[in-house]
Amino acid sequence: DDVFSLAFLRQQFFGFPVGELITSKTREENVLYATQSKSFSIADYGVGLDWRIMIMKPVETEKADALRPDDRLYGVLIAVVILGFSVCATFLVLLLRNRSKREIMVSDWRFMSAFIGSCALLNACALSFLGPNTDTLCLTRMWLVHLFFVFALSLLFAKTYRMYRLVGKGAVR
């Protein structure tokens, strides 16, 4: 009951914002609770009920969720990023160097080089997971991986659609 009363007081302090999560933490436990409030009213039958429904959920917190230079995985992540980026860069250089060959021309080297370049950027964005957690870095981590993944996939979808438009549906019997 102490946890619920503390969550209620925190919601009351912030004015019961609808759709916004409010956190509360008890002194005895090392658990963080997230609460959300929603207004509920019934005006039927002459009864005016105005309720506030609170949804409460415990949230796990972790103290060591950042990769710092003294961590063992710090060097491993940098090595994997360098390896992935250099493999993509090597493929990109080979593709651009041999773009006049028939096999590379047929495979549409422009789309392939853009795809390999976006894969290299996808590898490099893993470097954003290094360092302490800040609000800016958290948002950057959340968006960079998805942005470069969608960019790489959209190039493949565009190439597939282009081939579909060039070749057509084929003969259906």
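Me: What do buried, exposed and partly exposed mean here?
Reply: Buried is under 20% relative accessible area, exposed is over 50%, and partly exposed lies in between, with a 1.4 Å probe and protein chains only. This is a predicted model, where local features need pLDDT of at least 70 and side-chain atom pairs count only at pLDDT 80 or more, while totals for chains, interfaces and linings use all residues. Residues are numbered from 1 along each chain as its sequence is written, and side-chain values use heavy atoms, leaving out hydrogens and water.

Me: Which class does Ile53 fall into?
Reply: Ile53 sits in strand β3; strands are DSSP runs of E, at least two residues, and helices are runs of H or I, at least four, numbered from the N terminus. Because its relative accessibility is 39%, Ile53 counts as partly exposed.

Me: Which residues make up the largest nonpolar core?
Reply: In soluble globular proteins, nonpolar side chains tend to be buried together. A nonpolar core is a set of buried Ala, Val, Leu, Ile, Met, Phe, Trp, Tyr and Cys residues joined through side-chain atoms within 4.5 Å. Here the largest has 8 residues: Cys88, Leu95, Ile104, Trp109, Ile116, Cys119, Ala120 and Ala152. Helices α2 (72-97) and α4 (109-124) are the elements giving two or more residues, and α4 gives the most, 4 residues.

Me: What does Cys119 touch, leaving aside residues up to four places away in sequence?
Reply: Contact means heavy atoms within 4.5 Å. On that basis Cys119 touches Cys88 and Ala152. A second, separate core of 5 residues includes Leu67, Leu77, Val81 and Leu130.
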